[in-house]
Amino acid sequence: MRVAVRDGASEMLGSASQFLQVPDLSRGRLALSSLMLPSAGGNAAVRVFPPGATVSYQYRIFNAQAGAGQPPEIEVRTRLFRDGTEIYAGQPQPLGRADWSDPVRVLAGGHFQLGARIAPGDYVFQLIVTDKIAGEKAQTSTQWMDFEVANAEPGK
């Protein structure tokens, strides 16, 4: 998707592009929505965080398999990259708090802490979700989101 905008007052132009992946949910396979990483100001479009910030994220899990009378068995693993190099690899953890009222569309989320000494720059957060009940071909889904770490500007 490519978007272009023009400021009516200054008539300046700007553009942005992003690849979109739309999973086929009708096949019943595990899938994830895009990740939402709203910045400290609450704007999900601007993903800039200061060193030491706590970064919260939300996503939906689609087509999780549930056992008879049991909720789905979901494991979540997170990874963090800078310049293509993995700088953090979390261990798989059972999905914690989530709304299981509709196992076909589960709302979930979490957070991670940026170290106070993390270097400013561009990063990629990856989320890997594994459905322990699903068949081998439909067991894992992953999403990623880029963000920036930047020191606060003086006076802000």
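Contact, as used in this note, means heavy atoms within 4.5 Å.

1. Basis. This is a predicted model, so local features need pLDDT of at least 70, side-chain atom pairs count only at pLDDT 80 or more, and totals for chains, interfaces and linings use all residues. Residues are numbered from 1 along each chain as its sequence is written, and side-chain values use heavy atoms, with hydrogens and water left out.

2. D131 sits in strand β11 (residues 121-131). Helices (H or I, at least four residues) and strands (E, at least two) are DSSP runs, numbered from the N terminus. Setting aside neighbours within four places in sequence, D131 is in contact with L30, N63, A64, Q65, E73, I74 and Q139.

3. D131, charge. Which side chain of opposite charge is nearest to D131? It is K132, 9.0 Å away. D131 is buried and has no salt bridge. Buried means under 20% relative accessible area, exposed over 50%, and partly exposed in between (1.4 Å probe, protein chains only). A salt bridge needs a side-chain nitrogen of Lys or Arg within 4 Å of a carboxyl oxygen of Asp or Glu. For charge, Lys and Arg count as positive and Asp and Glu as negative; His and the chain ends are not counted.

4. D131, backbone partners. The D131 side chain reaches the backbone nitrogen of I133 at 2.9 Å. A polar atom of that side chain also lies 3.2 Å from the backbone nitrogen of A134.

5. N63, one of the residues in contact with D131, has a positive phi of about 65° although it is not a glycine. N63 belongs to the loop between β5 (54-62) and β6. E11 has a positive phi of about 60° and is not a glycine. E11 is in the loop between β1 and β2 (13-17). Are these residues buried or exposed? N63 is buried, with a relative accessible area of 11%. E11 is exposed, at 55%.

6. Salt bridges. How many salt bridges does the structure hold? There are 3. R47 and D146 meet in one of them (2.8 Å, N to O). That pair links distant parts of the chain, 99 residues apart: R47 in the loop between β3 (31-32) and β4 (48-49), D146 in strand β12 (residues 140-149). D146 is partly exposed, with a relative accessible area of 32%.

7. E75 and K132. These two form a salt bridge, with the closest N and O atoms 3.9 Å apart. E75 lies in strand β6 and K132 in the loop between β11 and β12, so the pair ties together parts 57 residues apart in sequence. E75 is partly exposed at 25% relative accessible area. K132 is partly exposed at 43%.

8. E86 and R79. In this salt bridge the closest N and O atoms are 2.5 Å apart. E86 is partly exposed, with a relative accessible area of 36%. R79 is partly exposed as well, at 21%.

9. T78. This residue lies in strand β6 (residues 74-82). T78 counts as buried, at 16% relative accessibility. Not counting residues up to four places away in sequence, T78 touches Y57, Y88, A89, G90, F125, Q126 and L127.

10. V3. V3 lies in strand β1 (residues 2-6). V3 is partly exposed, with a relative accessible area of 42%.

How values were computed. Polar contact = N/O pair within 3.5 Å; in protein donor to acceptor, adjacent residues only side chain to side chain.
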